[in-house]
Amino acid sequence: LERAMDLVERTCAYTNHTILAEALEKWPASYLEQVTPQLLPFIRALDERARKRSDAPKLAIWDAHDVIHMAHMDIHSSAKVNGVAELHTEILKNTELHSFYVLYPEKFNNKTNGITFRRWLMGCNPALSDLITQAIGPEWKRDAGKLEGLMDYMEDSALREQLLSVKGENKTKLARWLKGRGTEITPDSILDIQIKRLHQYKRQQMNALYAIWKYLQIKEGRTPTRPVTMVFGAKAAPAYTLAKDTIHLLLCLSRLIDQDPQVSPWLKLVMVENYNVSSAELLVPACDVSEQISLASKEASGTGNMKLMANGAVTLGTLDGANVEISRLVGEENIYIFGQTSGQVIHRYAAGDYTPADWYEGDPNLRRAIDFLTGPKMLAAGKEENLARLQHELKTKDWFQTLPDFNAYVVRKGQALSDYACDPLGEPPAPAGDGAVSGGTQRVRLRPYD
């Protein structure tokens, strides 16, 4: 047994893909006793081996409450412990797994996640792939660094027109696919897409509040130059009640917008049914604005951010996960960053001083959007139980800090849409000295509703 454990520890690596507690599995020993009793002696031996290195209870594999911690088992028994983005690795070392880092500093290292061009560019977007090859040759397919050769074509108007044509064809292809499933969109609209797992930390709820804000703006006569189509696609755990409530909200908003002749020419909200890789292969090439709006410090890496940007979408996101490295690589002028930093978020959690009710009561724009969730129009479109529960979550808990980032999000998203289509609804930051900012934890001044 000792030889086997030694071989495993010198051979295997543990890659951590999230800091979320629900994904760091731990199981009562009684469960394993029923399902895999033959494993318990080995787990006990691993725990005893770990306790010889540290007797700290929080590093135990088999704790005093007879709960087995799977991540602890992996860390003690691996040659390396990998984070999947620079920021994520530093969070593991400095906060989430700090005690393990002190014990095993040599084990921790970073391995930023990546994507394969084979599927997420050559496979799903052959027209764009062919254009790139025509411009710089085929070497980029094996060496992504060769894509820097495209910088030589920044002023090439002919290539630019070809790129725009490919994007238009991909948007039309997506529109045909959606129409075959009963949903019609305008291909010439700006496609603002958020596709990923549905979870409160990814903050689909903030994007939904933006849809309400935009709806109210249009109702007051502030119509955009170019229509906006907001597309959501996600999977969620079947027992995740708030995820179901968020889906319910999105479907209600979609129905409400479609039935309003004043708003529907300018705004569309689509929830893709049964979202999966096959539908992503249509959505990714068609995307104009890529939503990467997770709460800073909560997204380990993200790969959707890479897939969408590689296919010509501009990223609207927080400094979270691999967005940090992407923003450094592409330059701040080529990405729309907003919101709190990971340090600010971690400080809020440590201080325990975040009270969402203060933001709700102190910001009339935010309060109006949240109140709309249980207003007469929404109640006519959906179920009060689901809408009220989500509203209550935002007003009283908001664990993933939607409210502090909301106004900065509205401003930055307005800038992205404005830059894309000279959209008068896009709200630029206030002039210097006016006291408004476009990010961080300060409140951002928006045009008042009245």
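Biologist: Why is Ser290 called buried?

Modeller: The relative accessible area of Ser290 is 0%, and buried means under 20%, exposed over 50% and partly exposed in between, with a 1.4 Å probe and protein chains only. So Ser290 counts as buried. Before we go on, this is a predicted model: local features need pLDDT of at least 70, side-chain atom pairs count only at pLDDT 80 or more, and totals for chains, interfaces and linings use all residues. Residues are numbered from 1 along each chain as its sequence is written, and side-chain values use heavy atoms, with hydrogens and water left out.

Biologist: Where does Ser290 sit, and what is it in contact with?

Modeller: Ser290 belongs to strand β9; strands are DSSP runs of E with at least two residues, helices are runs of H or I with at least four, and both are numbered from the N terminus. Leaving aside neighbours within four places in sequence, Ser290 is in contact with Ile193, Leu308, Ala313, Val314, Thr315 and Leu316. Contact here means heavy atoms within 4.5 Å.

Biologist: What makes Ser290 and Gln292 a polar contact?

Modeller: Their side chains are joined at 2.8 Å. The rule asks for a pair of N or O atoms within 3.5 Å; within protein, one must be able to donate a hydrogen and the other to accept it, and residues adjacent in sequence count only if both atoms are side-chain atoms. So the 2.8 Å pair qualifies.

Biologist: Which sheet holds β9, and what order do its strands take?

Modeller: β9 is in an open sheet of 6 strands, ordered β8-β7-β6-β9-β10-β11, with parallel pairing. β8 (267-271) and β11 (336-337) are the edges: each has a single partner strand, so one side of each lacks a neighbour in the sheet.

Biologist: How do you know that β6 and β7 pair?

Modeller: Two strands pair if DSSP finds at least two bridges between them. Strand β6 (residues 190-195) and strand β7 (residues 228-233) have 6 bridges, in the parallel sense, so they pass. Leu191 stands opposite Thr229 in β7, and the bridge partner of Asp192 is Met230.

Biologist: What makes β7 mostly covered?

Modeller: In β7, 6 of its 6 residues are buried. Val228, Met230 and Phe232 are buried on one side, and Thr229, Val231 and Gly233 on the other. In a regular strand the side chains alternate between the two faces of the sheet. Helix α10 (residues 204-219) lies across β6, β7, β8 and β9 (289-292), at about 155° to β7; axes are lines fitted to C-alpha atoms, for helices over the stretch in contact, and angles run from 0 to 180 degrees between N-to-C directions.

Biologist: Now the rings. Why is the pair Tyr101 and Phe108 called edge-to-face?

Modeller: Rings of Phe, Tyr and Trp (its six-membered ring) pair if their centres lie within 6.5 Å; planes under 30 degrees apart are stacked, over 60 edge-to-face and the rest tilted. The centres of Tyr101 and Phe108 are 5.5 Å apart and their planes at 85°, so the pair is edge-to-face. Tyr101 is partly exposed at 23%, whereas Phe108 is buried at 9%.

Biologist: And why is the pair Phe338 and Tyr409 tilted?

Modeller: Their centres are 5.2 Å apart and their planes at 40°, so tilted it is. Phe338 is in the loop between β11 and α15 (342-351) and Tyr409 in helix α20 (residues 402-421), 71 residues apart. Both are buried.

Biologist: What makes Arg44 sit over the ring of Trp62?

Modeller: The charged end of Arg44 is 3.7 Å from the ring centre. The rule wants NZ of Lys or CZ of Arg within 6 Å of the ring centre and within 35 degrees of the ring normal. Lys107 also lies over a ring face, that of Tyr104, at 3.9 Å from the ring centre.
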